[in-house]
Amino acid sequence: KQVEDYTYNGLRVITLDKTSQPIDKPQKRKIENRRVMAMFILRDNIRKNVADTIKWFNENDVDIRVISGDNVKTVSYIAKQCGIKNANKILDMSALRDADRETFRHKVLTHQIYGRVTPDQKAEIVDVLQAEGHIVGMTGDGVNDVISLKKADCSIALGSGAPATKNISNFILVDDDFNHMKDAVLQGRGVINNVQRSSSLFVMK
């Protein structure tokens, strides 16, 4: 109950637990008789210009989806603070680990915020969106983002991110400032508009 209250308010919770059971292979079996000794509560600081950037994207027909390995309630709270549309449409991806393709596709398309996402699921989300005709831009900073960045139509890495993500990305935000994404989109649209104008001129000729 305590942890839920924290996550609903956009906080991350790490617990320090004690158990008498040997934990030589914790990934293979459930750890019984655990007792919580301490909770560490962390809060993400939202950058000042993020809300303006999100607002600009909303006004320019760019659909934003948040993919995170964190608790989906925490991610949803932060997304709301940033002004992301449909931040209440949340999906805990851990419940879809064994889902069939159609169920996975339906869930992805009807939700906006994804939490507890594995690296493979990130790539599958990109696949689903591309299959629906979307041009997908993906941002990431960790090694666990490499697969999905490779699949995306446009991959954007953070300057402070892992070398692997920077090596395979189309763009690198050197100062980690998402506000520059607006400039990238405007430049891209400018190029496309110029190509269209030139093409129509040649057709007339």
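**Exercise 1. Work out how helix α4 and helix α5 are placed relative to each other in this predicted model.**

Begin with the two stretches of chain: helix α4 covers residues 101-109 and helix α5 covers residues 119-131. In the predicted model, their axes come within 10 Å and cross at roughly 80°. Angles from 65 to 115 degrees count as roughly perpendicular, and therefore α4 is roughly perpendicular to α5. Finally, look for the residues that meet where the helices come together: on the α4 side they are Arg101, Phe104, Arg105, Val108 and Leu109, and on the α5 side they are Gln121, Glu124, Ile125, Asp127, Val128 and Leu129.

**Exercise 2. Find which residues of helix α2 are buried, and name elements that cover them.**

Helix α2 runs over residues 50-59, and its buried residues are Val50, Thr53, Ile54, Trp56, Phe57 and Asn58. To read their spacing along the chain, recall that an α-helix has 3.6 residues a turn, so residues three or four places apart point the same way. The next step is to ask what lies over these buried residues, and the cover includes α3 (72-82) and α8. Beyond the helix, α2 is followed by Asp61, whose phi is positive, near 60°.

**Exercise 3. Decide whether Lys48 and Phe202 are buried or exposed, and place each of them in the structure.**

Take Lys48 to start with, which sits in the loop between β2 (35-43) and α2. Its relative accessibility is 84%, and since exposed means over 50%, Lys48 counts as exposed. Lys48 lies 41 residues along the chain from Lys89, and the C-alpha atoms of the two are separated by 24 Å.

Turn now to Phe202, which belongs to helix α8, a helix of residues 180-204. With a relative accessible area of 58%, Phe202 is exposed. Between Phe202 and Ile168 there are 34 residues of sequence separation, and from C-alpha to C-alpha the distance in space is 36 Å.

**Exercise 4. Describe the protein as a whole, from its elements to its surface and charges.**

Start with the secondary structure, which consists of 8 helices and 8 strands. The C-alpha atoms fill a box of roughly 80 × 40 × 35 Å along the principal axes.

Note on methods:
Residues numbered from 1 in each chain as written. Predicted model: local features only at pLDDT ≥ 70, side-chain atom pairs only at ≥ 80, totals over all residues. Heavy atoms only, no water. Helix = DSSP H or I, 4+ residues; strand = E, 2+ residues; numbered from the N terminus. Areas by Shrake-Rupley, 256 points an atom, 1.4 Å probe, with all protein chains shown as cover. Lys, Arg positive; Asp, Glu negative; His and termini not counted. Charge placed at Lys NZ, Arg CZ, Asp CG, Glu CD. Buried < 20%, exposed > 50% of the residue type's maximum accessible area, 1.4 Å probe, protein only. Axes fitted to C-alpha atoms, helices over the stretch in contact; angles between N-to-C directions. Parallel < 35°, antiparallel > 145°, perpendicular 65-115°, else oblique. Contact = heavy atoms within 4.5 Å.
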